[in-house]
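Dear colleague,

Please find the structure below, handed over for your reference. A summary of the findings follows it.

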Amino acid sequence: MRGLQRAVLALGLGLLVSLVVRFLGGDATPPSTGGWRELEGPELR
Amino acid sequence: MSNQRIAVVGAGILGARITRELLGPRAFGRPQEVAITTVSRRPERLSVLRNSFGTEVKMLSDQNGQAQLDADVTTVIVARAAGEQFVVAHEQLLAGRDVVTTSDDPVEVRELLELGPLAESLGRTLVVGAAFAPGLSCLLASHASGLLDRVDEIHVARHGAAGPACAAQRLRALRGTATDWRDGAWVKRPGFSGRELCWFPDPIGARDCYRAALADPMLLVPAFAGVQRVTARLAATRRDRALAPFPVWLPAPAEGGIGAVRVELRGERGGQREWVVYAVLDRPAVAAAATAAVTGLWVATRTAAPGATGLAGLGATQELLGELALRGVRAAVFEGAEGSEGSAQQENQQESDAEAQVLAKKADTSHQE
């Protein structure tokens, strides 16, 4: 019985940790090069 | 004063902003002389708008659903919630008016496109989905296609929502079934599937985007003959995804924050595989309203081909994007390449960060009211 309780507790803790990691994931990889440039006059005529 | 009048049906966040955009002194390089009527089912909302716009705009209450527009109304812009626009568009087409709709509900967009033969037989123009996405997304795709010899794929991604009705439609879309165009056939996919990391202009940056029930592919496919793949995705968080099965208890904000639409085209240029990425960073309600208003003014003052079409098929891409830029809704193109390394990369990154900050600042300051 005690072993079962420990197993359930361990599973619960594991689930909790995985949810925290899942929802607080780190930043994504940034793009390597480049950037945004506004379209200007000649491109809009 | 011109003898033409544009009616804006709907006076929510989007309708009020469309009215404000229509009041601008100039449009397409000429003085703007079209008169404006705003129609709403909520008398209290009309009172608020009357205080804001004064006598410049005629207010018409449609509380009983039987309001009759004046005979001088030539063009109607429908700004009601998605799903409530078809009836108005159908009625106004039959009354002999050109109609511009702003719906992003794919079912309604399909129904509106099916009004094409009727519009054609009446000699009227029905513009479908003239808002943020669809709308601006169609204009960006149309403009970007000029940089390619052949367009094979179009991928649209959107972040943000305008008013409460738009926010509700966004949730419905994420929980609905997406319809992608793949190798000449429509393919159904579940919402919240196909996660893809999409890069929007800063300060939005990278967002996970998922398939959703969006209308963009339905409007883009007819405008790009031979295109093989067209998809549309919505930015959402993992929290949105986890909470998707549950009802929403918190009401949406009166107006969402800054949003963006991003359009990526893949195809061929000079025998080489190429890609082009365009984006617009703005508050969705502002950009959608400007797009709808500019489209309404264009339809009212130009001779558009009869029938139903999205903005990509209207044949006015340059003019509309140029006028939108003058109103502060500025499109940007992503310039760069993947895979480079070294210091040049860091310099480019710093430059792009600075440019992105300027873009974001311009988008914010150009709409200060």
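Val8(A) belongs to helix α1 (residues 2-23) of chain A; helices here are DSSP runs of H or I with at least four residues, strands are runs of E with at least two, and both are numbered from the N terminus. The model is predicted: local features need pLDDT of at least 70 and side-chain atom pairs pLDDT 80 or more, while totals for chains, interfaces and linings use all residues. Residues are numbered from 1 along each chain as its sequence is written, chains are lettered from A and ligands numbered from 1 in the order in which they are written, and side-chain values use heavy atoms, without hydrogens and water.

With a relative accessible area of 53%, Val8(A) is exposed (over 50%; buried is under 20% and partly exposed lies in between, with a 1.4 Å probe and protein chains only).

Turning to the aromatic rings, four pairs are counted over all chains; rings of Phe, Tyr and Trp (its six-membered ring) pair if their centres lie within 6.5 Å, and planes under 30 degrees apart are stacked, over 60 edge-to-face and the rest tilted. One of them, Trp36(A) with Phe334(B), is edge-to-face, at 5.3 Å centre to centre and 70° between the planes. This pair crosses between chains, from strand β1 (residues 35-38) of chain A to strand β18 (residues 331-335) of chain B. Trp36(A) and Phe334(B) are both buried, and together with Trp275(B) they form one aromatic cluster.

Chain B itself contains twelve helices and 18 strands, and 54% of its 369 residues count as buried.
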